[in-house]
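Biologist: Could you walk me through this one? I'd like to know how its parts sit together.

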Amino acid sequence: MDAASGVTKPETAPGNSAAFSADSLAKLSALMRKHRIPAGGHVFWEGEPAEYWYYLEHGHVKGMKTSAEGKEFTMYRYKQGDFFGQLGFDGEPSQSFSAVAQTDCVISFIPRGELEFALWRFGGLALECIGWMSQMNRHTQTKLRDLMLYGKPGALCSTLIRMANTYGMPVDDGILITQRITNSELAETIGAARESVNRLLADYRRAGALSMRQGHIVVHDLEQLMQHCRCEGCPKEICRM
């Protein structure tokens, strides 16, 4: 429950750990060590060796990418039940983005060597891990598709749909996005200026597609947003933050 707004906070998209069976999750859980990260702390930095694979037990983490000019982009947003981090077994992989705790977090990590041994030992776990990697690649590809093919308006509409899938709660007049997000954070997510996001959101409000309610976005016309980004109807495990 959000004390400020009185809004219960369900998270409607399943965590990406849903790609694994209960038996595989039990095997992975046996390898995990828990660690607490305070809000604002880094879980890992872009470019550092990928020595661990991470599982978010509690809290929220965002994956940040930094451009050559020093500008930061939010690539991913992780929630309870998500695995994250670079998972590669060729040579010495490094993290392709930085992970920052948005809230106080409890994070479990699995050493890479122990994970590799478990994948060698358990064929079913290895196949499910390949499926997880495929799902994450598709997730990234759809985000890049929306930005490259449909520009900032399409990327913003796609982000709003993803937020509705991940943090949405049905209300009488639409879908209330229970996770607060600022216009600056939306701008970081789609690589746009905050002023551009302000203008686009104002356009969508005038068109009746959305409104603001106590600091939360309410989507009234999801179909209108889907038309802007030519939504292909991806499942929620793909169309999520």
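This is a predicted model: local features need pLDDT of at least 70, side-chain atom pairs count only at pLDDT 80 or more; totals for chains, interfaces and linings use all residues.

Modeller: The protein is divided into domain 1 (16–121) and domain 2 (142–229), with bounds that come from an automatic or database domain assignment. Residues are numbered from 1 along each chain as its sequence is written.

Biologist: How far apart are the C-alpha centres of the two domains?

Modeller: The C-alpha centres of domain 1 and domain 2 lie 26 Å apart. Eleven residues from domain 1 and ten residues from domain 2 take part in the contact, which is counted for heavy atoms within 4.5 Å.

Biologist: And what area is buried between them?

Modeller: About 820 Å², with carbon and sulfur atoms giving 42% of it; buried area is the accessible area (1.4 Å probe) that two parts lose on being put together, summed over both. Of the area that domain 1 buries against domain 2, His60, Thr74 and Arg77 supply 46%, more than any other three residues.

Biologist: Switching topic, how many salt bridges are there between the domains?

Modeller: The count is zero, taking a salt bridge as a side-chain nitrogen of Lys or Arg within 4 Å of a carboxyl oxygen of Asp or Glu.

Biologist: Which element gives the largest share of the domain 1 side?

Modeller: That is strand E5, with six residues of the side that touches domain 2; strands (E, at least two residues) are DSSP runs, numbered from the N terminus.

Methods. Side-chain values use heavy atoms; hydrogens and water are left out. Helices (H or I, at least four residues) and strands (E, at least two) are DSSP runs, numbered from the N terminus.
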